[in-house]
Amino acid sequence: MSYNYPPEKLSVYLSDDAGSEFTFYALLEASHFSKYWIPFCKKFDVEPRSPEAWFAKKLGEKDKGTTYAQECLTIKDHQSIVQIIVDGRDTNAVDKEGCQLPTLVYMAREKRSGCPHNFKAGAMNALIRVSSVISNGPVILNLDCDMYANDGDAIREALCFLLDEKRGHEIAFVQHPQRFDNICKNDLYANSYLVVNQVELAGIGSYDAALYCGTGCFHRRESLSGAKYPKDYRNINEAKNNDNRSVDELEKASKVLASCSYEKNTHWGKEMGLVYGCATEDVLTGLTIQCRGWKSMYFKPNKPAFLGVAPVTLDIALVQMKRWSEGLFQIFLSKYCPFIYGHGKIKFGAQMGYCNYLLWAPLSLPTLFYVIVPPLCLRHGISLFPKVSSLWFIPFAYVFVAQNAYSICEALSCGHKLKSWWNLQRMLIIRRTTAFFFGFVDCIVKQMGLSQTAFAITAKMVTEDVMERYEQEMMEFGSSSVMFTIVATLAMLNLFSLIGGFIDIIFLDFGALGNLMCQIILCGLMVLVNVPIYEALFIRKDKGCMPFSVMFKSMFLASLACLLPYV
């Protein structure tokens, strides 16, 4: 509401999918506070303009992770609710300085048991329809509930692209990177995505096919509502909403558009709005928009336009990654595969760029092979790679050294520290062997028709002791998750194999050292990268350590794998 933008052209909508009274009254109180906050921001050029973020910064407090919790109540059966809290047309809707306030609307779409609500995509589509009646602004900015605006000029900057005289008429949306204000010093869980934001997404954007990431995105309403790009289209028109109906009449008309029966026998969720049937509806929607002839822009300003909250526990981070990898792979296996659906519609480089993410899930298979087979073969003296003295060793050594050297240089150039790069390598292994693997399996099961798409919400609220361990860069376990059992088992397997392999080489066949050197290096690196796992298994005694049940299962399974050929 406090953006540097004409308030009569600005409307703010909050979609509360839980229909929570707490959220509604919190928004109502925020609307009262805005009468004081907005003039204060503009008079003193306050940044960031999120009150909580600004006060925390001034008081020197750190985000304790409890700021952006999910909504407290979950109501699965309720009618649609649309409440215009501030009517921007009302000349009496002013702040304490007498300046006009933007329109502020609370919306909770109808929920009924037995009626599919299509998760976030359904909520967004209801918002698109309701906003078309109340304000009908030609540009839509969507933000997740755990993000806040960090730059008062973000709207003006985005409009520079959409209103550009040469290419603005071609652009459907302007996507900002996801950036967070709670990343610890060395990015323990690899949540900063520095290389992804600065290199990969920027590269895809150069093909006029920036990915829609679900938040921090300015959309042209026409493109988001299903329109194809008209070649004679030239510019955005001003919002033409001269509706003189009263607030009560607008609310009544809007409630119909937010009902769960409105979309029946329509194109919503197919050709209009966000596309249904996929856990990563944002990426899929962006792809369909581009295939209708529109282009998209990726914009990464030096000052983050939006800041959010990254997961601060391993469990939450992996659940989020599992949902993403599953949804992305689902797109690849569907009719929307970029190589098929996008053929002749988007550039080949863009198709390749999309698949860099759509194929996250199957990356789990080669990764699992490399963390299981080489250590087992080392344990039993089976060589998988050429001898160190052989010329055939050179290609393997070159690939290994060149890839890691390039990765380090790329990470450092994007702002990573060496330790944060090392943490990234650990998280890549953990993600691929757990979240990506479960995402792969679940996607295949759903393709076979044995289950349906679900949407796992990423909780961001944690206790104070968890935040303290996060700030101290201690990995958080504390539960008997199947994913943690896999992580611990693979760590123990490599440790047992490395120790057993060394013992056999030293006492039985020292000449085998040259044959097994590559596997020793791989196992050694796996052991080094898993040091925090061993600490959580055997040294730490806090609530975030590995539970005894996980330690027992991992040691049993790893021992069984090492001893099985002898049985």
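Salt bridges first. Take a salt bridge as a side-chain nitrogen of Lys or Arg within 4 Å of a carboxyl oxygen of Asp or Glu. By that rule, the count comes to 22 salt bridges. This is a predicted model: local features need pLDDT of at least 70, side-chain atom pairs count only at pLDDT 80 or more, and totals for chains, interfaces and linings use all residues. Residues are numbered from 1 along each chain as its sequence is written, and side-chain values use heavy atoms, with hydrogens and water left out.

Now some individual pairs. Side chains of opposite charge can pair when their charged atoms come close. Asp 144 and Lys 120 do this, with 2.9 Å from N to O. Helices here are DSSP runs of H or I with at least four residues, strands are runs of E with at least two, and both are numbered from the N terminus.

How exposed is Asp 144? Its relative accessible area is 26%, which makes Asp 144 partly exposed. The scale: buried is under 20% relative accessible area, exposed is over 50%, and partly exposed lies in between, using a 1.4 Å probe and protein chains only.

Next, Arg 469. One partner is Asp 465, with the closest N and O atoms 3.5 Å apart. Arg 469 and Asp 465 are four residues apart in helix H15 (residues 464-471), so about one helical turn separates them. Arg 469 is buried, at 9% relative accessibility. Asp 465 is partly exposed, at 27%.

Arg 469 also forms a salt bridge with Asp 542, where the closest N and O atoms are 3.9 Å apart. That pair links distant parts of the chain, 73 residues apart: Asp 542 is in the loop between helix H18 (531-539) and helix H19 (548-563), and Arg 469 is in helix H15. Asp 542 is partly exposed, at 23% relative accessibility.

Salt bridges link Arg 167, Glu 170, Asp 208, Lys 295 and Lys 347.

On to strands. Lys 295 comes up again here, as the bridge partner in S8 of Ile 171. Strand S6 (residues 171-175) has five of its five residues buried, so the rest of the structure largely encloses S6. Two strands pair if DSSP finds at least two bridges between them. S6 runs parallel to strand S8 (residues 295-298), with four bridges. S6 runs antiparallel to strand S7 (residues 217-220), with three bridges. Phe 173 stands opposite His 219 in S7.

Another sheet is open, with three strands in the order S1-S3-S2 and mixed pairing. Which strands stand at the edges? Strand S1 (11-15) and strand S2 (81-86) do; each has a single partner strand, so one side of each lacks a neighbour in the sheet. S2 and strand S3 (residues 103-108) run antiparallel, joined by five bridges. Gln 83 stands opposite Tyr 106 in S3.

Last, a helix pair. The axes of helix H9 (residues 314-333) and helix H11 (residues 348-358) come within 8 Å and cross at roughly 135 degrees. Axes are lines fitted to C-alpha atoms, for helices over the stretch in contact, and angles run from 0 to 180 degrees between N-to-C directions. H9 and H11 are therefore oblique to each other; angles under 35 degrees count as roughly parallel, over 145 as roughly antiparallel, 65 to 115 as roughly perpendicular, and the rest as oblique.
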